[in-house]
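Work through the exercises below with the sequence and the model open. Try each task before reading its solution.

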Amino acid sequence: MMTANEIRDSYKKYFESKGHLIVPSAPMVIKDDPTLMFTNAGMNQWKDIILGTRDPEPRRRADTQKCLRVSGKHNDLEEVGHDTYHHTMFEMLGNWSFGDYFKEGAIDMAWEYLVDVLKLNPADLYVTVFEGDAKENLSRDDEAAGFWLKHVPADHIINGNKHDNFWEMGDTGPCGPCSEIHLDSRTAEQKALVPGRELVNKDDPQVIEIWNIVFMQFERKADGHLEPLSMNVIDTGMGFERLVRAIQGKQSNYDTDIFQPIIKALGDKAGVTYGQDEKTDIAMRVIVDHLRAISFSIADGQLPSNAKAGYVIRRILRRAVRYGYTFLGQKQAFIYTLVPTLAQEMGGAFPELVAQKDFIMKVMKEEEDSFLRTLENGIRLLNGVMEESRAAGSTEIAGEKAFTLFDTFGFPLDLTELICRENGMTVDEAGFNTEMEKQKARARNAAQVEMGDWHIVGETDAAAGEELSTFVGYDYTEYSCRILKYREVKQKKGVVYEAILNQTPFYGEMGGEVGDSGVLVNDEETIKVLDTKKENGVSVHLLERIPAHPEAEFMACVDVDRRRATEANHTCTHLLDEALRTVLGTHVEQKGSLVTPDYLRFDFSHFEKVTPEQLREVEHIVNERIREDLPLQEYRDTPMEEAKKLGAIALFGEKYGDKVRVVQFGSSIEFCGGCHAQSTGRIGMMRIVSESSVAAGVRRIEAVTGKAVEAMMDKQQDLVADLRAMFNNVPDLISTVRKAIDDNAGLRRQVDEYKAQRALQFKAELIEKARDINGMKVISGIILVDAQAAKDIAFQLRGQFSENLVVVIGAIFDEKPSLTVCFSDDLVANGLNAGALVREAGRLIKGGGGGQPHFATAGGKDPEGILSAVEKVVDLVTGK
């Protein structure tokens, strides 16, 4: 039986023998495409070729691509673990043809690989073809059906509807009919009862799609109509996990050698055996699947966070932790311990897992620890909500409360429901869903963007391979240009326009460097360029308006001051990277950066706080390199192997082409496509502003250069001068300030002692005025202390009088009233609830509050009502 690694290698070797270039997987995390956060299909890295903005040579390519599907159109997250074939992270084996072979070639090669190389039984294979769509004026794909008839009988060819057999990149863009190959892996007895063709696309776990062959031949426009693509494209995708399952004769993807070593390691850790209990089996499948998604994302540079792609990764990790916590009894971080097993199994095909194993484990452990603390806090909060519901005579948790636990504290609904069931309560799920829909509607409204169709202005020859747009910004900040095409973009803030120029000096935001701004100008008009983005390899210019004559020639002029400041900061990140490696060690790797005209931000791997002494040493090294005025040495269009020989540093998670640009300043040599100072001396000077932690094992430095350093030093000098003036310009400022701090601390101690004495006095007065009512010791009154002091007095009284105690304290401090209510445990057992009483009495001081049955507080705005509030509680307790 072939192993998973052998099957992957056989695919590559087969398509290499068919003239395909075998390319490495692109990163799973996408950084230069605003329409996608993650690679969710093998074709993502070829979008620019398909859209005609990049040379299609070589026209035959194949790879195994890391993919992630958790949100949007391809949302598989909630299915994962509950069935045997859905995954978050998965491998997509793919082969592509860009204007080379089309339907017949793709079908013939797919069949030959499955049947002749992998020896699948042809009788178990079914194929689908697009049945057509009258509304789109599209006929059945008889061409593909005819080519399939060379390999399968007619009853193994099944018509598929538009949903299943017409592939679209999105609401707009390339699309076309597709053919799916389905495998029937049922037993002979099952096949005899029901023909396989009747179960295709019917969600049968044993009759599954293993390969999809997309025939891209159209482009969907914004108004919905279809136009032919300038170049026919073959895009195939075969789910590696499903293929291995078929070859190894398993009933589940999780039974293959892709997952079993990790499942065994998890079972050993948790003390459970896979296959003995459905609930623990689901939990184990969730965890081993999510382990892969999280590990590959971190290796590609995406750390868990609260925003965008980082939030998706955090959700996946927390889902895994939750299943381990609930069903496997894992109350401590544990998922990170499975990373070595994953690296051992998949590190041969994906070496980034081995290279970054320790870093992945560090990040994952800290995230697990953090969420486990969140779970503990959430359970505590949920207990309070359940107590409140019971006190109100209800056995149902309000949907709004459950949503607050989810949205504010990260506490998931299914865990809320589970804990409530264990306590004989339910959750208003309809109310929760209503709140969720409100939040989604708010998010949709905030992010709504409507893109118009591109209006073509100039003639292009994309089919012949000519580039639509040429970037000249490394050498020029002004350049003659024409607008090739433009479109209207409607956003919540208003309407802007995107334009693509035939030649542009404007740098499009990419690699952490912000985009250029400036103007397009000619004798007739001046158009502001607000920003520049990089989309599918092309610079897209954001214009305030479209010229009156878009066909005219313009001079594209970059804001030079802004560009030079950005260049200085970008060059400084390279010097900073090298200096950090010199001071802290070669384990330092860049994990992200932001380069703006005003400041730079640099994230790097390091497992402890950088000391002030180390930061100062880093600063000194960088400033020494600046004073050396090292010239920019640039190697453009350098073959990858030559670039590596130069010693250039490549970053994990970045996508590099066959040819790269290398930037060198002295001994600092890096792959880089950004804009740089012509020499380090133009940076002027660098000062580090801050150093902090952004994630487990990742530190962040923010720094400024040039004029910003001058401004920073001026501010610091002014601060010292002002401070010195406050102390009558004493010569030894530090000693004087230290003495003032010590004197202040001494005075504060005296004040605290006085307040403590006053509190004891107030406590004694309250005890002296205590009343015995209905067998209860009622201690109540108004005192002039803050809310914290009132709380301390209440708990001292509770410790002094352990039975039949009622404490009601009204306090006024800085003209703000507060109410404190406290009961002994025996009165709470008899039904008294301080939280409920304080909420009602709090209205009399125009405020509110709450707490637990034995202790609660309220704050308000009206001190005039504090006496009435105290009397109200006493009356409610004593029954007056």
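**Exercise 1.** List the residues that Ile 181 touches, not counting residues up to four places away in sequence.

*Solution.* Contact means heavy atoms within 4.5 Å. Start with Ala 110, Leu 114, Leu 125, Tyr 126, Val 127 and Trp 148, which are among the residues that Ile 181 touches.

The model is predicted, with local features needing pLDDT of at least 70 and side-chain atom pairs pLDDT 80 or more, while totals for chains, interfaces and linings use all residues. Residues are numbered from 1 along each chain as its sequence is written, and side-chain values use heavy atoms, without hydrogens and water.

**Exercise 2.** Which residues of the largest nonpolar core touch the most other members?

*Solution.* A nonpolar core is a set of buried Ala, Val, Leu, Ile, Met, Phe, Trp, Tyr and Cys residues joined through side-chain atoms within 4.5 Å; buried means under 20% relative accessible area (1.4 Å probe, protein chains only). The largest core has 118 residues, and Tyr 113, Leu 114, Trp 148, Ile 181 and Trp 211 touch the most other members. Helix H9 (residues 278–299) supplies the largest share, twelve residues; helices are DSSP runs (H or I, at least four residues), numbered from the N terminus. Another core, of 28 residues, lies apart from this one and includes Leu 576 and Met 686.

**Exercise 3.** Is Ile 773 buried or exposed?

*Solution.* First, locate Ile 773 in strand S29 (residues 771–773); strands are DSSP runs of E, at least two residues. Next, read its relative accessible area, 12%. Ile 773 is therefore buried.

Conventions:
Buried means under 20% relative accessible area, exposed over 50%, partly exposed in between (1.4 Å probe, protein chains only).
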